Amino acid sequence: MGLHHVAIAGGSGGLGRTLTCELCNNEEIHVYVLSRKSKPPSYLASNVRWLEAPYDNIGELLKLLDCNSIDTVISTLTPSSPEVFVAQDNLILAAARSKFVKRFIPSEWGIDSSSDDEHLPLSFKTAKQSSLDLLRQQPSLSSTVVYNGYFMDYFGMPHCESFMLPEMPYIDIAARKAAIPGSGNELVTWTYTKDVARYVLELVRSEDPWPAETLIEGDKASLNEVLAIAEQVRGGAKFDVVHDSLADLRAGKISEIPAYEALYDVLPKETLLDWMAAFGVGIITGVFDLKGDLLNDKYSNIQPVKMREFIKMHWEGK
Ligand SMILES: NC(=O)c1ccc[n+]([C@@H]2O[C@H](COP(=O)([O-])OP(=O)(O)OC[C@H]3O[C@@H](n4cnc5c(N)ncnc54)[C@H](OP(=O)(O)O)[C@@H]3O)[C@@H](O)[C@H]2O)c1
């Protein structure tokens with residue numbers, strides 16, 4: 001195994017911070033966080049280097065990558081604004097011109113955003129897809145897009161260890177309320193971010209060629225199954241449940257649950273509800289039910305946490 005120099009763009013954000021924590025604990029890896037900010041946060045581990053990234057300047061980005069002998073770039077930039085994809089595109093172009101960078105993971109970390117609007121009417125998917133196309137056109141870069149379904153973290157919040165925002169999709173375990181897209185019977189792939197990070201560590205350490213797509217699965221469960229687990233763990237009483245139809249969700253109409261309100265300070269209400277409605281369409285139409293060869297099968301040493309265990313661990317007795 002060689003020594004790797006890995007730059008994590010957005011490495012102090014929600015998912016990025018989890019990846020940074022996992023990768024920097026491995027002696028074969030030197031971790032560098034790329035950020036727009038000049039100063040690192042106080043919690044940054046002492047063996048992680050903080051690099052201020054001039055995302056609007058490809059030449060400067062190239063210098064930054066090559067001065068630090070970066071061989072692998074992992075992007076965890078948020079999809080929340082169009083400028084982000086310009087930043088990721090510039091990072092791809094700098095990486096493609098670099099002497100050292102050979103591998104690039106773009107910011108996806110969920111589902112295949114290339115699904116058509118009937119299946120996923122998501123506002124940022126075109127920008128995400130064109131950034132991915134740009135990456136795949138770079139002959140000097142090997143890349144893999146990581147699909148891990150929905151993060152499981154949300155059903156452990158606020159009790160689990162996670163750096164993600166407390167989104168609580170469709171089932172508010174604290175308030176015992178749910179607004180389920182469609183019947184709630186469709187399967188969804190769920191993975192805890194800490195497990196995503198354990199698999200990403202293996203990807204980075206591996207000298208094998210990367211597949212174009214990497215599928216990771218913590219568990220598969222329908223929202224009705226998650227709801228039943230949550231009701232049972234919370235004492236057995238039924239939650240207050242409504243169902244949103246596919247037509248309503250496609251029209252952007254979604255029932256609110258109390259957990260969404262907690263996010264309105266950090267994400268505009270309209271954006272959050274648009275995303276939740278679009279993801280709801282994705283759940284009903286099967287986009288979140290990941291199918292294909294799993295990276296899990298290659299790394300059977302990793303036992304990702306299952307939904308029942310996760311909810312029990314964080315909600316039993318609360
Ligand atoms: N599967 C799921 O359930 C799920 C849920 C949430 C997110 N995700 C995916 O996970 C990935 C990371 O999301 P996240 O929620 O962890 O992200 P996040 O914490 O919101 O943001 C990550 C970082 O992006 C950087 N950033 C923000 N605006 C930027 C801009 N205009 N230009 C350049 N950098 C910018 C910031 O870093 P600096 O301020 O340090 O520059 C920020 O810390 C995304 O691909 C997202 O789609 C998946």
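User: What makes Gly10, Gly13, Gly14, Ser35 and Thr78 stand out around the ligand?

Analyst: Of the 25 residues around the ligand, these come nearest; a residue counts as near if its C-beta atom, placed from the backbone, lies within 6 Å of the molecule. Mind that this is a predicted model: local features need pLDDT of at least 70 and side-chain atom pairs pLDDT 80 or more, while totals for chains, interfaces and linings use all residues. Residues are numbered from 1 along each chain as its sequence is written.

User: How do you know which domains the shell around the ligand draws on?

Analyst: Domain 1 (4-143) and domain 2 (150-190 + 219-290 + 301-315) each give at least three residues to the shell, with bounds from an automatic or database domain assignment.

User: Why is tyrosine 264 called partly exposed, rather than buried or exposed?

Analyst: Tyrosine 264 has 13 other C-beta atoms within 10 Å. Buried takes 20 or more, exposed 12 or fewer, and partly exposed is in between (C-beta atoms placed from the backbone), so 13 makes tyrosine 264 partly exposed.

User: What does tyrosine 264 touch, leaving out residues up to four places away in sequence?

Analyst: Lys269 and Leu272, where contact takes C-beta atoms, placed from the backbone, within 7 Å.

User: And which residues does isoleucine 8 contact beyond its neighbours within four places in sequence?

Analyst: Among them are Gly16, Leu19, Val33 and Ile74.

User: Where does UniProt put the feature "domain: NmrA-like"?

Analyst: At residues 5-235, from an unreviewed entry; UniProt annotations may be inferred rather than shown by experiment.

Methods:
Two residues are in contact if their C-beta atoms, placed from the backbone, lie within 7 Å.
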